Amino acid sequence: EKQAKPVSGSKELEKLVRRLEREIAAKEDEAAQLEQALAGAASDYQELLRLTAEKERCEAELEDLMARWEEAAQALEQGIVQKVQAVLAVGGRVLFTRDTHGEDYLSTREGRFLPVPHCVRGTQGWQLYGALHAYEQAAPQEGVAFLDKPTFGAEGLPAAVKALCGGEPDMIEVCGVVTDICVVSNCIVLH
C-alpha cells in the first residue's frame, strides 16, 4: 500500500510565508488602488501630493514584505533542495509540480475563492524557486519530471507518477511549501 505523507520545512516558516504572501497581495492591491486614485486626482495638486506620499509609503512596505518573504522562502529552500538531491543520488525519481495559472485566473473557480493572481505561466514566481529552478533550465534529466497544475490538487498527478516510475511506486514522499493547501491536496489525490 502506497503512503503519501507531507514532508516540509518548518511549520512556523510555512505560516510566515503564507502570511507574508497575503500581506504582499494586500499591499499590491493597495498600491494599485492608490495608483488609480492618483491618476484620477491629477487636477487637485494637494491630493496628488498626498496620494504620491501614500503610494511611496505603500511601495516601501511592499518592498519590506517582499524581502521578508524572500528570507522565509530561502530558509525552506535548502531543506527541499537537499531532499531532492538525496532522492536523485540513490536513483529515486522526483516529480515537481508547478502551480500554473493563466491570465484568466480571477475568473476561475480557484480565483473566485482566492482572488490573488499568482503563478501565472511565464511570470516571475511561476517557476520553481531558487536552486530548484536549475532543474527546469537543465536538459531533461533521468528521474526528473514536471507537472503544471491549475488547481491545488493536480488531477493528472497519479498518471504522471506512474509514468515517471514505470508503474505504481512502493512509496511516495511529498514535500513543498504550503503544506495545508497544495501539499495535502496532492497527498489526497495520490491516496
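Visitor: Given that pLDDT is the predictor's confidence in each residue, from 0 to 100, what is the mean pLDDT of the protein chain?

Guide: This is a predicted model, in which local features need pLDDT of at least 70 and side-chain atom pairs count only at pLDDT 80 or more, while totals for chains, interfaces and linings use all residues. Residues are numbered from 1 along each chain as its sequence is written, and side-chain values use heavy atoms, with hydrogens and water left out. In the protein chain, 93% of the residues reach 70 or more, and the mean pLDDT is 85.

Visitor: Where in the protein chain is confidence lowest?

Guide: Helices (H or I, at least four residues) and strands (E, at least two) are DSSP runs, numbered from the N terminus, and confidence is highest in helix 5 (residues 157–165), at a mean of 95. Where pLDDT is low, the predicted coordinates should not be read in detail.

Visitor: How many disulfides does a search of the whole structure find?

Guide: A disulfide is a pair of cysteine sulfur atoms within 2.5 Å. The search of the whole structure gives a count of 0.

Visitor: Is T100 buried or exposed?

Guide: T100 lies in the loop between strand 2 (94–99) and helix 3 (109–113), where its side chain reaches the backbone oxygen of R98 at 2.8 Å, a polar contact (N or O atoms within 3.5 Å; within protein, one must be able to donate a hydrogen and the other to accept it, and residues adjacent in sequence count only if both atoms are side-chain atoms). Leaving aside residues up to four places away in sequence, T100 touches C119, R121, W126, D148, K149 and P150, contact meaning heavy atoms within 4.5 Å. With a relative accessible area of 6%, T100 is buried.

Visitor: Which residue forms a salt bridge with D99?

Guide: Side chains of opposite charge can pair when their charged atoms come close, and a salt bridge is a side-chain nitrogen of Lys or Arg within 4 Å of a carboxyl oxygen of Asp or Glu. For D99 the closest N and O atoms are 3.7 Å apart, and the pair links strand 2 with strand 3 (residues 144–149), 50 residues apart. Both residues of the pair are buried, and the partner of D99 is K149.

Visitor: How many residues apart in sequence are the parts that E173 and K83 tie together?

Guide: E173 forms a salt bridge with K83, the closest N and O atoms being 2.7 Å apart. E173 is partly exposed at 35%, and K83 is partly exposed at 29%. Because E173 lies in strand 4 (residues 172–176) and K83 in helix 2, the separation in sequence is 90 residues.

Visitor: Which residues are linked with K27 in a network of salt bridges?

Guide: The structure holds 15 salt bridges, one of them between R57 and E30 at 3.2 Å between the closest N and O atoms. This pair links helix 2 (residues 45–89), which holds R57, with helix 1, which holds E30, 27 residues apart. The network joins K27 with E30, E54, R57 and E61.

Terms used
Buried means under 20% relative accessible area, exposed over 50%, partly exposed in between (1.4 Å probe, protein chains only).
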